[in-house]
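Take a look at the sequence and the 3D structure shown here.

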2 protein chains.
Amino acid sequence: MHATKAATGTRLKIMELAQDLLRERGYNGFSYGHIAEALGVKNAAIHYHFPSKEDLGVALLARERRRLQKWIERKQIRELDSWGRLNWFFSIYQHYSEGGTRVCFLGALESSFGDLPASIQQESAALNREMLDWLGAELDAGRQAGAFHFAGEPASKAALVIGALQGAIQMSRLGRPQQLDTVIAQLKADLQPLN
Amino acid sequence: MHATKAATGTRLKIMELAQDLLRERGYNGFSYGHIAEALGVKNAAIHYHFPSKEDLGVALLARERRRLQKWIERKQIRELDSWGRLNWFFSIYQHYSEGGTRVCFLGALESSFGDLPASIQQESAALNREMLDWLGAELDAGRQAGAFHFAGEPASKAALVIGALQGAIQMSRLGRPQQLDTVIAQLKADLQPLN
DNA sequence: CAGTATACTTACTAACTAGTAAGTATGTCA
DNA sequence: TGACATACTTACTAGTTAGTAAGTATACTG
């Protein structure tokens with residue numbers, strides 16, 4: 001009596017591999033054939049678990065949204081201070097980067113946004129909104145507590161921070177693997193209280 | 001006796017259209033067929049001007065690099081003050097965005113970077129380097145002149161700014177067309193001298 | 001033991017992809 | 001006038017794509 005079907009684990013393996021391929025080559029850069037070959041099965045096996053590529057994309061984004069919510073609600077995270085939670089948020093992107101070989105979900109999807117299925121566009125927008133909302137509230141609370149310093153609206157600063165992380169992880173692939181860490185250090189310096 | 005062949009202008013039209021498609025749908029999201037159909041010619045006509053898709057991509061990036069250099073060297077730009085040049089740089093991205101429908105060149109290419117031809121990867125890296133170098137020097141000079149205020153290395157701040165612009169232009173497509181302007185306003189607020 | 005669900009494989013299709021070879025219309029120039 | 005270059009078209013190929021229909025092996029279940 002499982003919550004989700006995972007008898008042989010193929011479904012999970014497909015998702016893991018698809019996620020890596022998506023973040024390495026973009027939505028139009030990977031095929032069911034690539035996944036099938038890497039897993040040693042036929043492409044029809046992938047269609048059995050995810051009838052269309054759209055289903056697979058939506059499943060990946062929905063899982064990432066669930067993960068983000070779980071992370072946010074986790075006791076270990078909630079017990080950290082403002083800087084601790086911010087560093088935890090940065091570490092998500094550092095993990096995404098994997099040494100400058102991959103980008104984050106939204107960065108991988110946005111560049112081909114124009115011909116993405118509507119459901120994937122919607123899931124992307126929802127994930128983006130959830131990240132912006134969380135970080136905005138976090139920056140707001142941290143500034144009120146004196147942990148952060150910045151001008152303007154928390155929502156604007158949150159957009160800047162997430163945009164910078166997304167852009168930096170992409171730049172890291174252009175022969176500049178240290179770029180993400182550099183930008184994170186700069187973001188932290190810019191948020192430092194004045195004295 | 002022309003510098004470049006442009007008798008009927010088809011070559012130029014191809015580049016304009018390819019640039020729009022690239023920035024709307026990514027490198028793997030547009031085909032010679034799309035360009036040919038929109039121009040009312042056959043796909044072989046595109047191959048006549050650009051034998052391979054790689055040639056077309058390289059031509060687009062090389063042109064963008066030339067444009068950036070010309071812009072930088074232009075007298076009108078050189079005569080502006082630090083904030084004037086920075087605003088001019090921001091306006092490039094605002095123009096790129098076209099109301100939240102498209103992203104910048106590097107953003108469009110980086111998400112499928114893994115399976116891009118080597119020559120396109122190199123041109124992308126060169127364009128990125130040139131932008132970072134210019135903005136880094138600009139921020140350095142502006143801070144020394146007292147026009148800007150920021151902590152840390154100019155190169156790091158330049159990476160943050162360009163990353164934020166690249167990320168924000170992508171976020172603008174996720175149902176948040178105002179996101180680029182919001183981030184630009186925040187970047188400017190963060191660079192403001194303290195008193 | 002029969003029936004059913006799961007997790008596939010085999011074998012296929014229609015559409016699209018970049019790219020090519022050969023032919024043609026038009027203009028330029030000696 | 002004739003040779004040549006430019007800018008295409010026609011007609012094609014080989015490979016890849018997402019997706020489907022029908023069959024099969026295995027395990028569970030009443």
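Residues are numbered from 1 along each chain as its sequence is written, while chains are lettered from A and ligands numbered from 1 in the order in which they are written. Chain A has 10 helices and 0 strands, and chain A can be laid on chain B with an RMSD of 0.1 Å.

**Overall build**

- Helices (H or I, at least four residues) and strands (E, at least two) are DSSP runs, numbered from the N terminus.
- The C-alpha trace of chain A spans about 60 × 45 × 30 Å along its principal axes.

**Confidence**

- Confidence is given as pLDDT, the predictor's own score for each residue, from 0 to 100.
- Chain A has a mean pLDDT of 93, with 95% of its residues at 70 or more.
- Among the elements of chain A, helix α5 (residues 75-78) has the lowest mean pLDDT (87), and α10(A) has the highest (98).
- Over residues 1-7 of chain A, pLDDT stays under 50, and the model has 3 contacts beyond four places in sequence for them.
- Where pLDDT is low, the predicted coordinates should not be read in detail.

**How helices pack**

- Axes here are lines fitted to C-alpha atoms, for helices over the stretch in contact, and angles run from 0 to 180 degrees between N-to-C directions.
- Angles under 35 degrees count as roughly parallel, over 145 as roughly antiparallel, 65 to 115 as roughly perpendicular and the rest as oblique.
- A crossing is called left-handed if the near helix is turned anticlockwise from the far one by less than a right angle, and right-handed if clockwise.
- Two residues are in contact if their C-beta atoms, placed from the backbone, lie within 7 Å.
- α1(A) packs against helix α2 (residues 32-39) of chain A at an angle of about 125 degrees, with the axes 10 Å apart, so α1(A) and α2(A) are oblique to each other.
- The crossing of α1(A) and α2(A) is right-handed, and the residues in contact include A:L17 and A:L21 of α1(A) and A:I35 and A:L39 of α2(A).
- For α8(A) and α9(A), the axes come within 8 Å and cross at roughly 120 degrees; these helices are therefore oblique too.
- α8(A) passes α9(A) in a right-handed crossing, with A:L135 and A:L139 of α8(A) and A:A158 and A:I162 of α9(A) among the contact residues.
- The contact of α8(A) with α9(A) has 10 nonpolar, 1 polar and 3 charged residues. (Ala, Val, Leu, Ile, Met, Phe, Trp, Tyr, Cys and Pro count as nonpolar, Asp, Glu, Lys and Arg as charged, and the others, Gly among them, as polar.)
- In chain B, helix α4 (residues 53-73) and helix α8 (residues 118-144) pack at an angle of about 15 degrees, with their axes 9 Å apart, which means that α4(B) is roughly parallel to α8(B).
- α4(B) passes α8(B) in a left-handed crossing.

**How the chains meet**

- (Copies are superposed by least squares on the C-alpha atoms of residues with pLDDT of at least 70 in both.)
- In chain A, the C-alpha nearest the axis belongs to A:A164, 1.8 Å from it.
- The same surface serves both copies, as 98% of the contact residues of chain A recur in chain B.
- In all, 45 residues of chain A are in contact with 44 residues of chain B.
- α9(A) gives the most to the side of chain A that touches chain B, with 13 residues.
- That side of chain A has 18 nonpolar, 20 polar and 7 charged residues.

Technical notes. Predicted model: local features only at pLDDT ≥ 70, side-chain atom pairs only at ≥ 80, totals over all residues.
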